[in-house]
Amino acid sequence: MTRLSHVKPGKKARIVHMGVKGPAGRRYREMGMVRGEIIRVIRVAPLGDPIEIELKGYHLSLRKEEAELIIVKVIG
Amino acid sequence: MSRGGKTRMAKIALAGNPNVGKTVIFNELTGSRQHVGNWPGVTVEKKSGKYAYRGIEIEVIDLPGTYSLSPYSIDEKVARDYIVEEKPDAVVNIVDASNIERNLYLTVQLLEAGANVVVALNMMDEAESKGMKIDIGRLSDILKVPVVPMVAVKGKGIGEMKDAIYEEITRHKEHRHMAIGYGKDVEKAIVSLEEDVERCPTLRKYRKRWVAIKLLEEDREVIGKVKDAGCVHIVKKAENIKKELGKKLDDDLETYFADKRYEFVDDALSIVLVKGKRVWTFSDMLDKVLTHKIFGIPIFLAMMWAAFQFTFAVAVPFMDAIDIFFQWLGEVSIPALNSIWITDPAIHSLVSEGIIGGLGSVLIFLPNIFLLFFVLSLMEDSGYLSRAAFVMDRAMYKIGLQGKSFVPMLLGFGCNVPAIMATRTIEDRRDRLITILVNPLMSCSARLPVYILFAGAFFVGIEGSVIFSMYFMGILLAIVMAVLLRRFLFRGKPSPLIMEMPPYRMPTLKSSAIHMWEKGSMFLKKAGTIIFLGVVIIWFLSTYPGGPGSDIETSYVATIGHLVQPIFAPLGWDWKAAIALIFGFIAKEIVVGAYGTFYGISNADEESATLRGELHNTFTPVSAYAFMAFVLIYVPCLATIGTIKSETGSWKWTLFAVAYMVSLAYMVALVITTVGHLLGFA
């Protein structure tokens, strides 16, 4: 298990724990970042942050600061 | 549905995620019968329109695009309040078929809130090209609402949609029993709370199941509504139930509800959806290039540069036309007034010089404003705006802003008015306020003539560098101010980034043109009053007490100029400079014209050699440079002030903006003067 912020672009991972709390955490969940969801890291922005991921057939970007709090299991 | 006289009336609302083609469907339904305003009390755009269908006059409200109905942003609060309080006869929920999984989350919430939903399954072509197959009939069966497949940009499905809306608003409203099962324990809690909600009379207008669920989700707004209804005991009970449930479930309830809703969506889709293989799309390819590690930022800057070139190349002829028009209007207004027996010279002067002249000097920037809105709309509709935010977020975050602040800042170089209005894409109010407050420091195009005049007069040979230094100073100050505002007034970090990156789509000329028109006319309506008042006040001050035709040196403005001149004395400026700056409140290019008037040079522009020569009598290079910096920093123009007022919705922040900019301008000018003298410059 690792943090989403550590997953390399191109890798897929399953969300194990959503550590983002408060309204932002709620929003991430509403956007589909729920436990068990499989996501794929697409790329890191040119300046090193934020990252772009794919889930539920769409693309979402978030900062490493929040990605750090999301525990995932890399599955390929 | 209400019956008013002969025609029957109905109200429907359009709801959906951002980027699902909501605006296109709104335009297709209502045609040109649209009205744009704001929702009461907030700066969220409210669009409404009308169409008639089979004898029913249908009012369409375009709700702001939202991902969910739990109010995370003002947009969502507005959308939800409308749905649960106003109870429209039908809610058309626009769903992006190619992104159906996430989109249905909102659908589920709408159904839960008890809305009369009609699903518009839009962008079917994109879904098909992704290889997705959706069983529309079964989706409709599961959701227990009509589902209409559409490709709105090609006009497909609009007729069917109108039929479905008609059916929905004329349908006998029996209860639909679509409900997500939340598991035995939670269901028991919901049912128990429902009973209490039912006994609380003022809550009867809401669907009781929805209120119960929202109480368990700890939705602050709903808790407030229940308390206001005088039923605090229900809130207390919900709290207790929550505690108990929290022990039984290994998750907090909020997470639990979100999980269950997505579970429901997943289950439904496992029946109705055949997923395609992940295909390498054109959009993916574009992203490879446009957000590339090395080329991403240069491409972005090049595109913005091209956008500016386009804006100004196209704007110039229109600006000339407006200029000529207002000059002509000013000239013909006096004979026109005479012909209707208004011969009072005071009124002549008010109309031709004050109102027409003043408005002309502000409205000359309309082409710029409109075109910048056009460019912004192209960026938004194509999906590039979120890439720009993605690419620039890191840099902006460092100074206490966020990626979405960057494009508004850049637009500021063109005109601060559309730039400030463009901050609406920033959801977080604090992030947005900082972006608005520092935006005027981006040197807009109207300030350039002042730089050209003074640089040409005092810095021959290095004009370019001097003018560039103004732009650079503006950027630097904007960064410093952003950091300071974040440090002292808006403590904390910028809000977390949760930004969808929609697939690239071809923007349509029609929707960009409509967007441009709406935003432009909204600016006129909103900022118009303040601009009008401003030009009349300035006219009065520069005309009286002497009356029309009197020398400006005897006017109130001159009195004020002489009065405030001591304040500017340390900067080495005379009273004329003070007056020019007062006039500059209307619009910056008037500063040049004002100097022309002082020296009696007719039609003086920034290239005028005579005017440049005259300036040497009152300015030194140091005081001239300080003056340029002052012009850069203090309030851009009346239109910007009006826009800050209408966008923040607060006089307090508007006055704060003016006050900080004027004092900052003074401080910077003072520093320039002092340092300049210390270095031995005159």
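Two residues are in contact here if their C-beta atoms, placed from the backbone, lie within 7 Å. With that in hand, here are my notes on the model.

1. **Ground rules.** This is a predicted model, in which local features need pLDDT of at least 70, side-chain atom pairs count only at pLDDT 80 or more, and totals for chains, interfaces and linings use all residues. Residues are numbered from 1 along each chain as its sequence is written, while chains are lettered from A and ligands numbered from 1 in the order in which they are written.

2. **A residue to start with.** Setting aside residues up to four places away in sequence, B:Y51 touches B:L29, B:T30, B:G31, B:R33, B:I58 and B:V60. You will find B:Y51 in strand β4 (residues 45-53) of chain B. Helices (H or I, at least four residues) and strands (E, at least two) are DSSP runs, numbered from the N terminus.

3. **Chain B overall.** Chain B holds 29 helices and 11 strands. Its radius of gyration is 29 Å, close to the 26 Å that the globule rule gives for 682 residues, so chain B is as compact as a globular protein of that length. That radius is taken over C-alpha atoms, and the rule is 2.2 Å times the number of residues to the power 0.38. The C-alpha trace of chain B spans about 85 × 60 × 55 Å along its principal axes. Of the 682 residues in chain B, 46% are buried. Among contacts in chain B with a separation of 6 or more, 70% are between residues 24 or more positions apart.

4. **Two domains in chain B.** Chain B is divided into domain 1 (2-170) and domain 2 (184-274), with bounds that come from an automatic or database domain assignment. Their C-alpha centres lie 25 Å apart, and 19 residues of domain 1 are in contact with 17 residues of domain 2. On the domain 1 side, α3(B) gives the most, with 6 residues. That side divides into 11 nonpolar, 2 polar and 6 charged residues. For these classes, Ala, Val, Leu, Ile, Met, Phe, Trp, Tyr, Cys and Pro count as nonpolar, Asp, Glu, Lys and Arg as charged, and the others, Gly among them, as polar.

5. **The core.** The largest nonpolar core has 220 residues, and B:A120 and B:M628 have the most contacts inside it. Such a core is a set of buried Ala, Val, Leu, Ile, Met, Phe, Trp, Tyr and Cys residues joined through C-beta atoms within 7 Å. Helix α27 (residues 621-633) of chain B supplies the largest share of this core, 11 residues. Why does this core lie between domain 1 and domain 2 of chain B? Both domains give residues to the core, so it lies between them. Leaving aside neighbours within four places in sequence, B:M628 is in contact with B:V450, B:Y451, B:F454 and B:M470.

6. **Chain A.** The elements of chain A run β-β-α-β-β-β-α-β from the N terminus on. Its radius of gyration is 11 Å, which agrees with the value near 11 Å for a compact globule of 76 residues. In chain A, 50% of the 76 residues count as buried. Strand β3 (residues 38-44) and strand β4 (residues 51-55) of chain A run antiparallel, joined by 4 bridges; two strands pair if DSSP finds at least two bridges between them. A:V41 stands opposite A:I53 in β4(A). A further 5 bridges join β4(A) to β5(A), also antiparallel, and in the turn of that hairpin A:K56 has a positive phi of about 50°.

7. **Where the chains meet.** The contact takes 29 residues from chain A and 28 residues from chain B. On the chain A side, α1(A) gives the largest share, 7 residues. By class, that side has 13 nonpolar, 5 polar and 11 charged residues. There is strand pairing too: β5(A) and strand β11 (residues 499-500) of chain B pair in the antiparallel sense over 2 bridges, and A:S61 has B:M499 as its bridge partner.

Terms used: A residue is buried if 20 or more other C-beta atoms lie within 10 Å of its own, exposed if 12 or fewer, and partly exposed in between; C-beta atoms are placed from the backbone.
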